[in-house]
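Me: I have a structure open and want to learn how to read it. Can you take me through it step by step?

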Amino acid sequence: MGLFSFEIQPEVTFSSGANARLRHRLQSSRCLEPIQLSRLCHFSLGSLTLTATPNPELPIMREEIDLNGTLLAIDWLDAAPKDAPNVTPAGVLLLFPGIGTNSRRGFTGMTAHHLAKSFPRHKVGVAVLQGHDGLPLKSTCFPATAYVSIGDTGRLIEHVSRQFQGLPMVVVACSIGAAHFTHWAGSHPEKVKQCGVVGAVLVCHGTSARPAATAVDSSGAAPFILEAYRDILRTNFPDLTAFQDIPGFDPSKLSAARTLREWDEAVLPLYGFQRHEDVLDAVDTTPQMMRALPMPTVFLGAANDPITPSTRLLEGGVHQLVSDCAVIHCSHGSHMAWWQPVAGNPLHLEQNWARDLMAELISILADLPHPTTEASEASETSPSETSEERRVLSCFPCQAVMRRH
């Protein structure tokens, strides 16, 4: 398969305080042996033209959560057979997606479905933040970098903790979802402990706000992200002039925005900020916040990620800041795009390595046996029934994913 693929060696760097279980199981993991990636992965933006979708798709139940007029939601996945008896869950796996991904598509959707099949005794949910994935936006929290400062990630974690009191929780957070989580968790380490969060997997974490926001514009990803943002507003507020009475807010600036910075500057008045620098200060996960993270944490990323390269994590010394952590670093894989050619059909691409690694990381952090699933067994015997398939769609979609329940 050399014509269609090339080999990379995933590397892992541990913090000095990394716990023994994390060290032992990762050091002996088959997922950290050399892997074959599609040659498409040489092209960091080109590999983002594909997105994973679960196949088959599990039943999903959306729980809408109204918190004093703010509407959030969780999509709960159900991998149990229809005739299976109700079983008391053993824990909770809560995922926070990046822009344009949800419980049915993208890296988060793929991972959520695989985890639900791998850990059938765990509740697996995908967070839906304000206005995202068809959820009505009932506030002026327009999609923007400033939204990270609101803390909705913590509100959802606290809600789930009350709902499943006493159960251990592992958080999986991707891209800007990882920024949402670390900003809250690093600001409220005691709440993290009270909610029973025993571990976190952070995929493509941007480290700090300034370089991540700058990279969105310099990489060419901004037009796709802004179109996703615009679609949220078109769905919820077709006429933005209704907000023109808010002091300092000019709807025409949103229409004219061509970069993430221009968009973020246009919504400053909605969040009470005066300057763009104030926003970046407010949403940044500072070194002090990183040091405060109280749970074992695994960071996963790729050096050729145009937005959140794993080299930035290592150069920033995240493994020296977070006391109990591991950083899994790949030379290639772009932004959650570890595409691999399928044996016997090299033009068909999947993310089996990343999918299996995510399940193994959950098993380590939650202290569970190594996962085995019917889905992975099926993929070994029937290539047509794999747990994900590639779609030629943008990782940052130009149209909102329609709500299907």
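Me: What pLDDT does the chain average?

Reply: This is a predicted model. The chain averages a pLDDT of 89. Of the residues, 91% score at least 70.

Me: Where does pLDDT stay under 50?

Reply: Start with the general idea. Where pLDDT is low, predicted coordinates should not be read in detail. Here, that stretch is residues 373–405. The model has 87 contacts beyond four places in sequence for this stretch.

Me: Next, the nonpolar core. How many residues does the largest one have?

Reply: In soluble globular proteins, nonpolar side chains tend to be buried together. In this model the largest nonpolar core has 73 residues. Among those with the most contacts inside it are Phe142, Leu254 and Trp263. Helix H7, residues 222–236, gives the largest share of this core, with 6 residues.

Me: Which residues does Phe142 touch?

Reply: Leave out residues up to four places away in sequence. Phe142 then touches several residues, including Leu137, Tyr147, Leu233, Phe249 and Tyr271. There is also a second, separate core of 53 residues. Val124, Met358, Leu361 and Ile362 are included in that second core.

Me: How many cavities of 30 Å³ or more does the structure hold?

Reply: Rolling a probe the size of a water molecule over the atoms shows where empty space is left. The structure holds 4 such cavities. The largest cavity has about 380 Å³ of space. It is lined by 24 residues. Closest to its centre are Ile176, Ala179, Ala212, Ala213 and Val216.

Me: Which elements give two or more residues to that lining?

Reply: They are helix H4 (176–187), helix H6 (209–219) and H7. H6 gives the most, with 4 residues. By class, the lining has 14 nonpolar, 9 polar and 1 charged residues.

Me: Now a single residue. Is Pro341 buried or exposed?

Reply: Look at relative accessibility. Under 20% is buried. Pro341 counts as buried because its relative accessibility is 10%. Pro341 is found in strand S13, residues 340–342.

Conventions
Residues are numbered from 1 along each chain as its sequence is written. This is a predicted model: local features need pLDDT of at least 70, side-chain atom pairs count only at pLDDT 80 or more; totals for chains, interfaces and linings use all residues. Side-chain values use heavy atoms; hydrogens and water are left out. A nonpolar core is a set of buried Ala, Val, Leu, Ile, Met, Phe, Trp, Tyr and Cys residues joined through side-chain atoms within 4.5 Å. Buried means under 20% relative accessible area, exposed over 50%, partly exposed in between (1.4 Å probe, protein chains only). Contact means heavy atoms within 4.5 Å. pLDDT is the predictor's confidence in each residue, from 0 to 100. On a 1 Å grid over the protein atoms alone, a cavity is a set of points where a 1.4 Å probe fits but cannot get out, and a pocket is an open set with protein on both sides within 12 Å along at least five of seven lines; lining residues have an atom within 4 Å of a point. Grid points are joined across faces, edges and corners, and a volume is the space filled by probe spheres set on the points. Ala, Val, Leu, Ile, Met, Phe, Trp, Tyr, Cys and Pro count as nonpolar, Asp, Glu, Lys and Arg as charged, and the others, Gly among them, as polar.
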